Amino acid sequence: MENKDTKEKLLREFAPQLEKTSPATLVWILFLLGVIAWGVYAFVAQVTKGHIVTGMRDNVVWGIYIVNFIFFMGMSYAGAIISGTLQLFRTEWRKPIIRMAEYLAIISLLIGPGYILLCIGRLDRLHYLALFGRIQSPITWDVIAISTDIFGCLIFLYLSILRDIASLRDFSELKIPAWRKKIYSMLALGYTGLPEQVKRLRRATDIMATMVIAIAIIVYSVLAWIFSVTLQPGWHSTIFGPYFVIAAVYSGTGVLIIAMWVFRKVYRLDQYITRKHFVAMGVLMVVLAALFGYFTFSDYLTKWYGSEKNDESLIRILFTEYYWPFIFSNYIGVLIPLLVIGIPKLRTITNITLSALIVIVALWFNRYLIVIPTLESPYLPIQDSRPEWANYAGTWVEYALMAAGVALFCLMFTIASKFVPVMNVSEMSETPKTESSELFKTEESLL
Amino acid sequence: MEDNNDNKKSSRRQFLKKGLIAGAGVVAGGSLLAAYVDKSKPTSGEKVKVLTTEGELVEVDKALIHSPRVSIEESHKGIPGRKFVMVIDLAKCKNARKCVEACQKGHHLPRSQEFMKVYLLQDSEKSAPYWFPKPCFHCDNPLCVSVCPVGATYKRSDGIVLIDNQRCIGCKFCMTGCPYSTRVFAWKDYPEYAEDKEPYSPEASSPGKEGTVSKCDFCPDLVRIGKLPYCAQNCPMGVIYFGDIDEDTVTNGSETLRFSELIRDRSGYRYLEVLGTRPSVYYLPPVERQFPVESGFKDLEESVKNRFKNTPYGKTHKL
Amino acid sequence: MRTQNKIRIIFFFLLCFCKLVTSAQNKKDSVTEITPSITFTYLNSNDTIILTANIFDKKEQGVFAIKNAIIVFSASGDKETRNLGQAKADEEGNAILKLPVATAIPKDKDGKTIYTAKFNGKGKFQPAIETFSAKLARITVNFSKEDSLHFILVTATQVDYKGSVKPIQKEKVVVYVPRLFTLLKIGETDLDEAGTGKVEYTGKLVGDSLGNIMVIARIEENDKFGNVQGQSSISWGIPKQYYLAERPTRELWTPIAPIWMIVTLITMLTGVWAHYIYAVIQLIKIKQISKKNPGNPENNNKFT
């Protein structure tokens, strides 16, 4: 049961986050807005001058945009799967981090599809997808799946913040403008923790947690099928569905660890998010690293062993032109977490965070290596004297929009944390706080 | 030796040109006749064509004459009772690139967009290089059509796969779906598009539109008036044969052959049959060639020549 | 004298000036004169003579048809020249004139007629002329079955100066079947003394939807007769099958998705959205419970 005193204490502690914005945060937000403005400028350039301003050409028709699309969607699914699983299994250590996972799910889900829009030649005809949609096309599957996913994640997030919103509504010490109070009051749906309400909320949350996991798996498989249903040598693989799902959760775990680290620092949550949480997430990351490594190995081994002509040329490109990105994404990106978590002495918060950072970058390159080299090695050899038509290189427009996406991600995370605490206050007040801080005190002293 | 070759070539070319003209005459006669027989009307009354209006004398570029453009809706239907097929004789191709040029002119394309591409292929290290003209294969199992989310590309009853650039949203999924790198994208609004003043029709693939996909269309707007596609019409070597597979006949303008016999006698094949796309384009292997592969580099623009620099042939011959 | 000279000089300059102006105005018109060429095709088909004059201008950029050019056709024999009529060139440059064979066409002693297609010129377009000589002839096509063999029988006749009909001997006749773009050759025969020839029909050819095929017999580019053709149709062909009815296909490219896909999609979506709706209903219930409850926090809130 909820402990009222603990809750009040927690709310008092989190209140400053919601009440005011520090100058440093303001500068941070302005910086993010500046990056987003750069992205908008790039977008205007792309709309007015055409897609010729990007690095994409007739052979490599999908570039960084699609890489980012996969990347952000991956983070979203990771958020969904992690939060859903932790919720269902009532894992104790989920409490301080589950909110971040939910934010991750919904925020990246709102940004990801934006990248596919950037890749579309005629944005003015976007509604044709609904008007003339063909069920046979994996893109239609994706449109249906992503919109379903957005709704699912929103409902799940809402269910999860409902109790906190109710608490904020009832927390009289909170110094915020009346309109914000009104919003809390409206969104709280009159939740007061009546047994009947608790029962219903729990039932709904569990069902949505299941749904969110299931949908995340389906949606990310659908995304993988966009690639694997084609006949392109590097994509036409049965393993792509599960491979993408695993890679997604893997990268998302990394992002979650980074988010934990950042919020721990910014909001001084040291006593709530402890090394225990990092280690727990780290262990999850290692399991995923192993799975990811296994899938990667299976995929490339089958291609390499049979060495069909086109597979062979693809692998040759990967080991020559793309040698370092390939080594980085598929070797270093797998081995570093294994080492850091595998050797107990190395399991520090900083190390885990650093390896998470490596994982994120590695996984971005992994997607890059899935998309671009394949398109650069089609069945019919590319015979073009123009280098930019034969080999892809992203332009400033694409990188600007990539930066803008990351900035938007950070901005939305920042704003979200200003609206509802980044930790599930209601859930955390269910257990004595001491358990989390004292039990692991010894371990923390190791840091 | 060189001169001799040139002479041979030019005489050959002239012969074919003559053949083409003769062929055209035959076609005119044939089609007229067909119309006459079909209608079974006595023509005895029709002695002199009555001229009502004088009309200004106008010069019309013969290379651009096509049928009146059909509506988008009509373009979905296909020419009734036809199923088109193309046969490309690799033994005769010498990379003259007339097919590419005529196609670009006919479809009002910029230089950077080629519906017809000519590759220099070499299947393995010791096998011989050959020129490989590649249009759209108009597959019977077109993956590009399967993956289109909005039905902007479609297969018609006559086997032709077309693109409606008024419907295309430019997602480029079809481009990755096509294993033959056939499709091209309008990365910007090319000035050439504006040269075409006629209304758009998918059958003409013109005028092009920025942000949409386009490709070889088998020129149904020419076929409708009994003309061969631009590439087949303009190939000086008669490499490209075109026809109705149900009629079992293909022609390159000067030579009309039974499709089944041609494929049987010359061991015709389809490119990358293993992919199961069931193309409508057949190739005749480059045996007993009429030209050495080197002749394809003659009079070639530098930028086009550079395309083949990185091919195995280009590397060994230091292009 | 001097004044005359002056006037001359002024006149000369004026002329020059005028010329400059006009040449600047319509540089193309006055400078480049166009000399068209004519390709003249003669086809003597059963009861009709089809004269086709194709008028064009060959340039560096390609071949240009001269649309709306008026071609005058005439026929001449020994004594007289008769105007046959005129036709306007279409956008391909073809001016076509069809003459019934019954028309009295002038002939020379060999029974030959010289046909002329003439373009008189107009504006910058220079005149052009082309002639062709041919003797009136006729080919009839018949069919016969001997045992299991199919034969196409060809009979060719000619009309001499006096109008009497004689067989055409020793000439080559090519037998075709018309196809979409061109004529497909299915055989050829040399005419015998009686002006007849025989070609075996072996091909499994596709006809129309009823299996009728048109067979055309031609004497081609003959010095005496020009192009002569006769045709007849017979139901020896294979009925033409329509594409969609015949070919088995995978369904994914068709406009309608396969049933299994629609069912799967609907099932999955219904399942998921049903759960969503269930979750939302729980939220609505939570709200309703609070309203029923006397200790409504929304009311409490107002006092704080």
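B:Pro207 lies in the loop of chain B between helix H6 (191-195) and strand E8 (213-214); helices (H or I, at least four residues) and strands (E, at least two) are DSSP runs, numbered from the N terminus. The model is predicted, with local features needing pLDDT of at least 70, side-chain atom pairs counting only at pLDDT 80 or more, and totals for chains, interfaces and linings using all residues. Residues are numbered from 1 along each chain as its sequence is written, chains are lettered from A and ligands numbered from 1 in the order in which they are written, and side-chain values use heavy atoms, with hydrogens and water left out.

The peptide bond that joins B:Ser206 to B:Pro207 is cis, and its omega is near -5°. Most peptide bonds are trans, and most residues other than glycine have a negative phi. B:Leu272, which is not a glycine, has a positive phi near 50°. B:Leu272 belongs to the loop between helix H9 (259-266) and strand E12 (281-284). A positive phi, about 45°, is also found at B:Glu288, again not a glycine. The loop that holds B:Glu288 runs between E12 and helix H10 (302-305).

B:Val85 is part of strand E2 (residues 84-89). This residue counts as buried (under 20% relative accessible area) because its relative accessibility is 2%. Leaving aside residues up to four places away in sequence, B:Val85 is in contact (heavy atoms within 4.5 Å) with residues including B:Tyr241, B:Phe242, B:Val250, B:Phe259 and B:Tyr282. The C-alpha atom of B:Val85 is 9.1 Å from that of B:Thr249, a residue 164 positions away along the chain.

Technical notes
Buried < 20%, exposed > 50% of the residue type's maximum accessible area, 1.4 Å probe, protein only.
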